[in-house]
Amino acid sequence: MTLRLAFMGTPDFAVPTLAELIAQGHEIAAVYTQPARPKGRGLTAEPSPVARHALSQGLEVRDPKSLKGAEAQAAFAALKLDAAVVVAYGLILPEAPRLGCFNLHGSLLPRWRGAAPIQRAVMAGDTETGVMVMHMDEGLDTGPVLLAEKVPVGRKTSGELHDELAMLGAGLMARALAAVERDTAVEKPQPANGATYAAKIAKEEARIDWTKSARELDALIRGLSPWPGAWCEAQGERLKILYAEPVAGKGAPGEVLDDELTIATGDGALKLLRLQRAGRAQLAPKEFLRGFPLKPGDRLA
């Protein structure tokens, strides 16, 4: 038995789940995604990653700017769905199909409800995170949970966790829908305590404040890697720091302590391991210093 589904998603994170549902033999009646956005230097409108994958599979793609209007809601109802699967879609949904709407969310709910759960988990120094399948209700990521998987954060960047959770979540959603089909799904309400909100990343958050501790800055850098990238300034130029590790060291915050790019912080030091100048490739410290000399005593701001 298969389900007749609408898939609703936009970014790369959603693509593995769409691919898995196709592989499982579910009938994808339509794929909903955000409209194409201008991208790149030429600002050419590009379809979303979900749209590109759906079109490659011969699926119908719909990209309304809103689902609130009567016409959009009637078009959704006319699909006569069993259920809708939602992964980072970004629009308020119309009335739910027969079995409901099921959302894949990249955190251990109720922690990090909202738009940037993976980045916020890393930035906050969480030791573990995960992915959950939730039966959607009217609240923001507040519905009961069907299945969950935990993963350690360790030294991973948000980019690495993103890819890991996207693949893990694809299988999790397939398992959840199989249980829904068999009417064996068990839904557990989210705990009343422990809710936090994962707000979108603001531009000003990405600037490195060297007066903070090495531990805090390590979490910030990994949480913002690869996008948007934590940054600082040196010699009047903006530098992105994409990976670093806390080490022993002491000096004025932002001071270069050695010829291996160890930088003093408000508490301890950071050894910079992956850097990027504007419009350039990511580099390790030795390669970076060949084209951008920084010597002990110089300061990063």
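This is a predicted model: local features need pLDDT of at least 70, side-chain atom pairs count only at pLDDT 80 or more; totals for chains, interfaces and linings use all residues.

User: Which other residues are joined by a cis peptide bond, with omega about 15 degrees?

Analyst: L109 and P110 are joined in this way, with omega at about 15 degrees. P110 is found in the loop between β7 (101-105) and β8 (113-114).

User: Let us stay with the backbone. Which residue in the loop between α3 and β6 (83-87) deserves a look?

Analyst: K80 is found in that loop. Phi of K80 is near 50 degrees, a positive value in a residue other than glycine. K80 has a relative accessible area of 68%, so it is exposed. A second case is D183, which is not a glycine and yet has a positive phi of about 60 degrees. D183 lies in the loop between α5 and β11 (197-198). With a relative accessible area of 70%, D183 is exposed.

User: What of glycine: which one takes a positive phi just after α2?

Analyst: G58 does, with phi at about 75 degrees.

User: I turn to helices. How is the packing of two helices described?

Analyst: The description rests on the angle between the two axes and the distance between them. Take helix α1 (residues 15-23) and helix α5 (residues 158-182): their axes come within 8 Å and cross at roughly 40 degrees. That angle makes α1 oblique to α5. The crossing in which α1 passes α5 is right-handed.

User: Which residues of α1 and α5 meet?

Analyst: On the α1 side they are P16, T17, E20 and L21, and on the α5 side A166, M167, G169, A170, M173, A174 and L177.

User: Is the arrangement of α1 and α2 roughly parallel or roughly antiparallel?

Analyst: α1 and α2 pack at an angle of about 25 degrees, with their axes 9 Å apart. The two helices are therefore roughly parallel to each other. α1 passes α2 in a right-handed crossing. In this contact V15, L18, A19 and I22 of α1 meet P49, V50, H53 and A54 of α2. The residues here divide into seven nonpolar, one polar and no charged.

User: Why do residues three or four places apart point the same way in an α-helix?

Analyst: An α-helix has 3.6 residues a turn, so residues at that spacing point the same way. As for burial, helix α2 (residues 49-56) has the buried residues P49, V50, A51 and A54. Those buried residues pack against β1 (4-9), α1, β2 and β5 (61-62).

User: How is a pair of aromatic rings described?

Analyst: One gives the distance of the centres and the angle of the planes. The count here comes to two aromatic pairs. The ring centres of Y32 and F76 are 5.7 Å apart and the planes stand at 65 degrees, so this pair is edge-to-face. It links distant parts of the chain, with Y32 in strand β2 (residues 27-32) and F76 in helix α3 (residues 70-77), 44 residues apart. Y32 and F76 are both buried. The rings of F288 and F292 have centres 5.3 Å apart and planes at 35 degrees, so that pair is tilted. F288 and F292 are buried too.

User: What distance separates the C-alpha atoms of G25 and E255?

Analyst: They are separated by 58 Å, and the two residues stand 230 residues apart along the chain. G25 lies in the loop between α1 and β2, and at 40% relative accessibility G25 counts as partly exposed.

Note on methods
Residues are numbered from 1 along each chain as its sequence is written. Side-chain values use heavy atoms; hydrogens and water are left out. Axes are lines fitted to C-alpha atoms, for helices over the stretch in contact, and angles run from 0 to 180 degrees between N-to-C directions. Helices (H or I, at least four residues) and strands (E, at least two) are DSSP runs, numbered from the N terminus. Angles under 35 degrees count as roughly parallel, over 145 as roughly antiparallel, 65 to 115 as roughly perpendicular and the rest as oblique. A crossing is left-handed if the near helix is turned anticlockwise from the far one by less than a right angle, and right-handed if clockwise. Contact means heavy atoms within 4.5 Å. Rings of Phe, Tyr and Trp (its six-membered ring) pair if their centres lie within 6.5 Å; planes under 30 degrees apart count as stacked, over 60 as edge-to-face and the rest as tilted. Buried means under 20% relative accessible area, exposed over 50%, partly exposed in between (1.4 Å probe, protein chains only). Ala, Val, Leu, Ile, Met, Phe, Trp, Tyr, Cys and Pro count as nonpolar, Asp, Glu, Lys and Arg as charged, and the others, Gly among them, as polar.
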